[in-house]
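This briefing goes through one protein model by topic. The notes below follow the sequence and structure.

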Amino acid sequence: MSVKNLDTILWTEKYRPNTLDGCILPKRIKTMLEDGVKMNMLFYGTAGIGKTTTAKALCHQFGHNTLYINGSTENSIDTIRTKITDFALNQSILHYDNPIKIVLIDECDGFSQQAWQGMRATVEQYAANTRFILTANYENKIPDPIKSRFQMIDFNFTSEETNEIKKGQILRVMDICKSEGMTIDKMAAVKMIQNYYPDMRSIVNHLQKYYLEGKTNLTESDIKDSTSEFAELYDMIITKDNPLENYKFVMKNYSNCVDEVVASLGNPFMEYIMKSKPNLIGKLPIIAVLNAKYQMNLKNCIDPVIVALANIYELQMEIQK
């Protein structure tokens, strides 16, 4: 790999754990998983909490031949009938020492009803050599007949577990900074966790952003809070009415962090309104309704940037009425 590629690789991939020990998890979950994949399992809980990272680390650590499926985009019955069936039927010559295959279906709450119906039979048909790991943000979207066939593992942490996870995330932030030749004081690391918990992916993305901006000695004053970080975007939504200029501004500054942008247009935007624009407090209900819609759209879209732009433009139309 060239020096250029090493400089531009996404840190979220560079620092993705390959083992359970590397995952920031409460003891409750690590204990359930320490013996590997014995049953079909469904990980459910808040976005960004570590479900996918844990599933991938589990498959890697125990050497399973694994098929990864994005349930938001590959969500039809055809995925079950062709892709999963073909995988379950064919034996890889590279995995004779571990005959159990894993089908990892990420964001399975995007599956169609037909796909779920096909899953029920497929899970049982290939039980001799295939296990399924599903991840979902919304457990209530999973049909009961599927739940009954899976070990349900709750990634919504208790308050005690949350404190445990936050301590682990602070240590991870400091370790990443050390590996990249950066320094960060403890209060700066604490503020990052307070801003973005539980989303470790967002935390690592922000660390890389600071690094690329040349900020390699981070103090608490360098870490923006969740409202001030997007203040320019909020100001554009409230005051600017040139669609072309707005498009250029969004694409230049936010096209590489769409998840964070859409998340920022919910509660952080409402906090900004209450603190800085009290004349617009009457708009809080529509902000909440629109953001809920677009966060849901983001889970089932082909082009996330378009979803973010649509959220921004519809907010502008409502707020500038």
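**Briefing: strands, buried charges and salt bridges**

Lysine 101 is placed in strand E3 (residues 101–106); helices (H or I, at least four residues) and strands (E, at least two) are DSSP runs, numbered from the N terminus. The model is predicted: local features need pLDDT of at least 70 and side-chain atom pairs count only at pLDDT 80 or more, while totals for chains, interfaces and linings use all residues. Residues are numbered from 1 along each chain as its sequence is written, and side-chain values use heavy atoms, with hydrogens and water left out.

**Overall fold**

- The protein chain has 16 helices and seven strands.
- Its radius of gyration is 21 Å, close to the 20 Å that the globule rule gives for 321 residues, so the chain is as compact as a globular protein of that length. The radius is taken over C-alpha atoms, and the rule is 2.2 Å times the number of residues to the power 0.38.
- Along the principal axes, the C-alpha atoms fill a box of roughly 60 × 45 × 45 Å.
- Of the 321 residues, 47% are buried (buried means under 20% relative accessible area, exposed over 50%, partly exposed in between, with a 1.4 Å probe and protein chains only).
- Among contacts (heavy atoms within 4.5 Å) between residues at least 6 apart in sequence, 76% join residues at least 24 apart.

**Strands E2 and E3**

- E2 and E3 run parallel and are joined by five bridges; two strands pair if DSSP finds at least two bridges between them.
- Isoleucine 69 stands opposite isoleucine 105 in E3.

- Lysine 101 is buried but has no salt bridge, and the nearest side chain of opposite charge, aspartate 86, is 9.9 Å away. Lys and Arg count as positive and Asp and Glu as negative; His and the chain ends are not counted.
- A polar atom of the lysine 101 side chain lies 3.4 Å from the backbone oxygen of alanine 88.
- Aspartate 106, also found in strand E3, is buried without a salt bridge; lysine 56, the nearest side chain of opposite charge, is 6.0 Å away.
- The side chains of aspartate 106 and tyrosine 68 are joined by a polar contact of 2.8 Å. A polar contact is a pair of N or O atoms within 3.5 Å; within protein, one must be able to donate a hydrogen and the other to accept it, and residues adjacent in sequence count only if both atoms are side-chain atoms.

**Threonine 130**

- Threonine 130 lies in strand E4 (residues 130–136) and counts as buried at 1% relative accessibility.
- Leaving aside neighbours within four places in sequence, threonine 130 is in contact with Asn40, Ala88, Lys101 and Val103.
- The side chains of threonine 130 and asparagine 129 make a polar contact (3.1 Å).

**Salt bridges**

- The structure holds 10 salt bridges, each a side-chain nitrogen of Lys or Arg within 4 Å of a carboxyl oxygen of Asp or Glu.
- Aspartate 144 and lysine 147 meet in one of 3.8 Å, N to O. Aspartate 144 is exposed at 56% relative accessibility, whereas lysine 147 is buried at 18%.
- Lysine 293 and glutamate 314 meet at 3.0 Å, N to O. The pair links helix H15 (residues 284–298) to helix H16 (residues 304–319), 21 residues apart.
- Salt bridges that share partners join Glu139, Asp144 and Lys147 into one network.
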